[in-house]
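Thanks for coming. I will go through one model this morning, starting with a helix and ending with a sheet.

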Amino acid sequence: MCEDFCGVYSCRTDRSAETVESNFMSIPLENRPRPTLSIRPRSGWQAINVMEIWQFRDLLLALAARDVKLRYRQTALGAAWVILQPLMAAGIFSFVFGRVAKLPSDGVPYFLFAYAGLLGWNAFSSTLSKVSGCMVGNSHLVSKVFFPRLVLPLSTVFSTLIDFGVAFAMLAVLMVAHGVLPGVGILLFPVWLLLLLLLALGLGLYSAALTVSYRDVQYILPVFLQFIMYASPIAYAVSAVPEQMQKYYFLNPLSGLMEACRWSLLGRGELHPGYLAYSAVISVGVFVFGAFTFKRMERKFADVV
Amino acid sequence: MSKDIAISVRGLSKSYTIQHNAAKHTTAAEALLNRLRHPFARSEQETFWALKDVEFDIEQGDVVGVIGRNGAGKSTLLKILSRITEPTTGEIDLYGRVGSLLEVGTGFHSELTGRENIYLNGAILGMSKREIARQFDAIVDFSGVEQFLDTPVKRYSSGMYVRLAFAVAAHLSSEILIVDEVLAVGDAEFQRKCLGKMKDMAGSGRTVLFVSHNMAAVSNLCSSCLVMQRGRVCFAGNVEQGLDYYSASMNASGGTQGPIQQFRPSWAKPYITSLRLLNEEGKEQTHFPLGSDVVVEMEFCSPTFPLRSPVMGVVINHMTNGTVGGVNMRMTGDEIPDGEYAAATIRCLLKELPLLQGQYTMDIWLGDGAGDVDNVSGYLTLHLEETDIYGSGKVPFHHMGVIFFKPEWKLRTEVGGQERKCLVGMK
């Protein structure tokens with residue numbers, strides 16, 4: 001069909017043929033100005049374009065605002081759930097581990113102890129689960145609009161941070177009520193929080209990229225989270241772990257970070273600089289690996305999701 | 001005179017890999033299991049070229065229509081130009097900020113209010129917060145939903161929803177605009193308004209790339225066009241010649257159609273699942289003699305909630321002359337008894353269709369008691385073939401409008417002061 005018309009109109013399908021120059025083809029390539037945007041096929045590992053993400057900061061904030069606004073719409077208690085959830089979890093932990101199992105809590109009321117542990121844990125687990133689900137959850141956006149794909153996972157961090165802020169304020173109230181004061185260690189808390197978020201983001205980005213092709217990740221993740229929670233000092237103290245087991249226990253990068261969180265908040269427990277350094281290296285490494293894997297796989301997202 | 005270039009595409013190809021013998025693994029376990037079963041078997045793969053060696057240049061200020069049948073690669077081309085997916089080979093240079101509208105209302109959230117959705121959708125389309133704030137009043141004005149700005153859009157009628165969505169999109173201020181079949185939504189009046197807005201955009205010196213099945217819209221809006229066929233651009237140039245070329249190629253090769261899904265926005269809830277043209281015996285047919293009875297069959301399903309009283313509408317468009325006419329069940333008073341219809345088939349018999357030979361496309365609408373729920377534009381193509389309807393050995397002129405009528409001629413004259421009448425044609 002096509003060939004019949006090649007002689008009549010300018011047709012560029014047959015590249016060997018002499019083509020008639022239509023109005024589209026009038027400018028020689030070398031006389032053209034620099035393009036605003038060049039699209040070329042890419043393959044392999046890609047650099048992460050931070051400038052581009054910065055250009056899309058309004059989208060990042062709009063998506064974050066959407067998540068925050070939608071969180072508790074059509075709930076009777078609304079934003080109160082931000083506080084109620086960790087309070088209820090801490091209540092259960094203090095009953096099961098404090099009352100029934102009678103585990104030590106480094107001399108702090110068990111409820112406060114568990115709540116402080118949950119503060120860091122919730123930041124970690126909610127970042128991980130939101131980030132890992134964000135590509136599939138927003139597939140309608142991914143297949144219809146362009147934006148740096150990293151904007152989506154990054155936007156989920158905001159609602160986690162807001163939850164964290166509210167829960168943190170609640171902790172302050174609880175600590176005053178129980179007469180527990182933090183030491184200077186509290187100044188280091190943002191560092192632990194940052195490392196926790198990097199670790200969660202790294203794992204989340206990796207699984208988000210994987211979820212696009214294999215939805216299995218969605219089912220494995222909750223189990224993994226539950227396992228890792230009991231393998232970390234959240235509901236109990238590190239002192240409850242037998243001494244000779246501890247070096248294996250701290251292979252879990254979360255152990256060091258969670259222990260450090262509680263040390264900063266409540267001023268109890270011990271800081272293990274060696275284990276902490278290990279956790280920090282792992283966290284940063286996992287983040288970098290996750291981000292680059294995500295970037296590498298992102299060009300397939302729109303075709304597969 | 002040569003203008004500046006806006007889009008330059010060289011050697012663009014895009015391939016997809018299709019895996020055969022149902023070896024499409026969506027779970028890791030399946031993939032693993034298959035790998036274990038056939039450790040050395042390379043799964044049978046077929047490379048499908050959605051685009052192959054596409055080359056074209058578009059000058060700044062050009063309004064270019066992209067036409068071609070389904071599966072010709074139009075949408076893939078737009079997706080690559082808007083950077084949603086990457087090309088397999090080729091080079092594209094874009095001179096100017098690109099905005100793309102592959103669907104109206106992308107990212108709209110039903111729980112958010114109209115106001116919140118304007119900001120969210122604007123950001124998703126690539127507008128900055130300041131830009132949206134500056135255009136906010138114009139957007140609200142264009143949409144005509146100012147009273148409901150603080151109501152969640154889930155309470156909107158589908159018409160209001162689409163109007164708001166298009167209003168945001170219409171205020172996208174980028175130098176290059178890529179538009180995919182956005183006009184296929186909303187009621188006829190709103191479509192006209194959208195066309196007007198598109199015309200303004202086109203007139204303001206912006207470069208527009210516009211995919212459509214609505215040939216009337218293309219000939220109305222565009223200065224030039226690209227005709228695509230099986231992943232290649234087979235015609236680039238003047239819009240009239242392009243449309244001629246396209247209808248010639250359509251006539252040459254029947255009317256097989258791709259899947260219907262790609263014609264409707266993804267948020268449409270109850271939706272049309274199948275459309276067919278039948279003859280009066282109920283056999284599928286796309287080519288009819290003039291004056292035939294044509295049956296349009298629509299199947300729909302409504303997975304989330306049953307439709308109370310389904311209404312079907314049929315609009316017929318001529319390839320180049322625009323809309324010819326339309327009819328719906330509410331207009332003719334043929335209402336389906338109130339009930340709950342989760343899935344059904346409605347057939348519409350168009351008796352002795354008085355349309356001239358040529359090619360027509362149909363827009364089929366599905367509504368409930370209150371408004372439109374889904375529509376599929378340009379999917380059905382009706383070919384009416386030259387027929388000797390008058391039994392005279394001649395066929396009606398195809399260039400005289402779009403309809404034919406059955407006349408009765410009478411002659412009256414006076415011969416020698418005596419009046420004589422006769423019915424002409426009675427031999």
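Predicted model: local features only at pLDDT ≥ 70, side-chain atom pairs only at ≥ 80, totals over all residues.

The buried residues of helix α3 of chain B pack against elements of both chains: α3 (57-71) and α6 (139-142) of chain A, and α4 (129-143) and α5 (158-170) of chain B. How many of the 11 residues of α3(B) are buried? The count is 10, so the helix, which spans residues 114-124, is mostly covered. Among the buried ones are G114(B), E116(B), N117(B), Y119(B) and I124(B). After the helix comes G126(B), with a positive phi near 100 degrees.

For chain B as a whole, 43% of the 427 residues are buried. The chain has nine helices and 19 strands. If we take its contacts between residues at least 6 apart in sequence, 73% of them join residues at least 24 apart.

Next, the nonpolar cores. The largest one has 159 residues, and L196(A), V64(B), V66(B), F210(B) and L226(B) have the most contacts inside it. Which helix gives the largest share of this core? That is α8 of chain A, residues 189-213, with 16 residues. As for F210(B), leaving aside neighbours within four places in sequence, its contacts include V63(B), V64(B), G65(B), V179(B) and L221(B). There is also a second, separate core of 26 residues, which includes V311(B), L366(B), L382(B) and F404(B).

Over to a helix pair in chain A. The axes of α5 (residues 110-137) and α9 (residues 216-230) of chain A come within 11 Å and cross at roughly 170 degrees. The two helices are therefore roughly antiparallel to each other. On the α5(A) side the contact involves W121(A), S125(A), L128(A), S129(A), S132(A) and G133(A); these meet V217(A), Q218(A), L221(A), L225(A) and M229(A) in α9(A). By type, the contact residues are six nonpolar, five polar and no charged.

Last, a sheet in chain B. Three strands form an open sheet in the order β10-β12-β15, with antiparallel pairing. Strand β12(B), residues 294-301, is joined to β15(B) by eight bridges. Within β15(B), C348(B) is the residue opposite V296(B).

Methods. Residues numbered from 1 in each chain as written. Chains lettered and ligands numbered in written order. Axes fitted to C-alpha atoms, helices over the stretch in contact; angles between N-to-C directions. Helix = DSSP H or I, 4+ residues; strand = E, 2+ residues; numbered from the N terminus. Parallel < 35°, antiparallel > 145°, perpendicular 65-115°, else oblique. Contact = placed C-beta atoms within 7 Å. Nonpolar A, V, L, I, M, F, W, Y, C, P; charged D, E, K, R; others polar. Core = buried A, V, L, I, M, F, W, Y, C linked by C-beta atoms within 7 Å. Buried ≥ 20, exposed ≤ 12 C-beta atoms within 10 Å, placed from the backbone. Pairing = 2+ DSSP bridges.
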